[in-house]
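Take a look at the model below.

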Amino acid sequence: MATTTDNICPMHDKKRPEPGQMFTSATHDDEEIAGEISEWEKKKTIAGNAKFHRLGWKRLTIILIVEAVALGALSLPACFATLGMVAGTICCVFFGLVAIFAGHNVGALKVKYPEVQNYADAGRLMFGRVGYEFVGGIFLLELIFVSGSHCLTGTIAFQDLTNNGACSLVFGVVSAIILFGVSVPPSFTEMAILGYIDFASILIAIGVTIIATGVQASESAGGFSAVDWSAWPKDGVTAHEVFVAVVNIILAYTFTLCQFSFMDEMHTPMQYPKAVWATGIVEIFIYTLTGALVYAFVGVDVKSPALLSGGPTISKIAFGLALPVIFISGAVITQCAARLVHGRIYGNRVERYVNTTKGWITWLATVLAIVIIGWVIAEAIPFFSNLVALISSLFNSGFALYLPALMWFVLLREGPWTTRENLVKGAINGFMLIAGLVVLVGGTWASVKSIVDDYKTGNVGSSFSCS
């Protein structure tokens, strides 16, 4: 990724970048830099570029896994309970392969257009300024809601660990403070180091849940043969339940959400296919194994998240082990949102590198604002969990499926349609486009129905309550 020195300092408007361009690669023409900016700015720019281009494909893999694989993985056994073992396994493997294909589209676009740093920039390339503002807006909204959901998950975890030892608002504030502290590092390379802890944490939490439910099944009357699981969908399953289960599986694979932002820190972006394949295979393995084994050990009554099926003691152990996942995965999302906002504030100025006093002050303020907004939304809306599902159906359907497909149709396809490669890729991307639109419409309908049903049954609490 090479740029000209004309793009280093906006005070000399020879070639101003398009909106959203941030952390562009450093030039090695020191003499021209010196002529454009001060010696101090020159050193900060070179140091900043070096700091924000340290990510290799292995750390990219870790950060992608951290973004995608969190406690949501433990909701998959409930999806298997709805779909049955056969359909659940097929969906996990199939949509994992679709996610890998989507990741390839995102990676190819980043390599072809190095100035793209997030989905907002991709929207600008496809649809102009309107696309930039609209896609950037829903991208930021999605990130803020996910950040808020991690605050809420932390609250639930602390309540479970302490047997509701304090008002949930207290635990919510504690969760927000921890999330802010973990989100402070401005570089994804630094977050990737924490990612190893996150990855180990979720694997151990899942492992404890699988082992515990397996032991309980073996010690129950009748042993494993008495567990009520089936290869086929459960009796009396409704279209609404099937659709929700499939959508949950699809959205669990949305590792493309922050892929542009992560790849912008790579020192060798062309190596992205290794990370995409590694991430996809790891996700397929974790999701399929978790969904199938826990469902086989617990049966149709499996809870979501599945760690609750192990009983009070096991859920406490699993929640305790999963605390790093809650906050590190949430921090990656929060950091991604902060990078988007911080980039809009400073554009192409040296403060964007967060290595000056002013840059650090605004970076910390931006991260704090995002955490507070997410926490307030999570506490203020009594049906926040269902609202997150609604937002995910509205927006993640695009980030995971139809936007990567549109990238290929609009920007990546080369040569005539009649070539074998274009026919195959066209068919796959066409499926992704249709599937994304189905999730958009159907997922939105299912989420709205869940909200309405919760109100009818009185399962909706109140805002800023201790419950």
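**From chain to residue**

The protein chain has a mean pLDDT (the predictor's confidence in each residue, from 0 to 100) of 86, and 91% of its residues reach 70 or more. Residues 1-35 fall below 50; beyond near neighbours in sequence, this stretch has 82 contacts in the model, a contact being heavy atoms within 4.5 Å.

This is a predicted model, in which local features need pLDDT of at least 70, side-chain atom pairs count only at pLDDT 80 or more, and totals for chains, interfaces and linings use all residues. Residues are numbered from 1 along each chain as its sequence is written, and side-chain values use heavy atoms, with hydrogens and water left out.

An unreviewed UniProt entry places "domain: Amino acid transporter transmembrane" at residues 54-448. Such annotations may be inferred rather than shown by experiment. Over residues 54-448, the chain is 77% helix and 0% strand. Helices (H or I, at least four residues) and strands (E, at least two) are DSSP runs, numbered from the N terminus. The end C-alpha atoms of residues 54-448 are 43 Å apart.

Now follow helix α11, residues 272-298. The end C-alpha atoms of α11 are 38 Å apart, which agrees. Just after α11, Gly299 takes a positive phi of about 95°.

Within α11 sits Thr288. Is Thr288 buried or exposed? Thr288 counts as buried because its relative accessibility is 14%, and buried means under 20% (1.4 Å probe, protein chains only). Its side chain reaches the backbone oxygen of Ile284 at 2.7 Å. Not counting residues up to four places away in sequence, Thr288 touches Phe80, Thr89, Cys92, Val93 and Glu283.

How values were computed: Expected span 1.5 Å × (residues − 1). Buried < 20%, exposed > 50% of the residue type's maximum accessible area, 1.4 Å probe, protein only. Polar contact = N/O pair within 3.5 Å; in protein donor to acceptor, adjacent residues only side chain to side chain.
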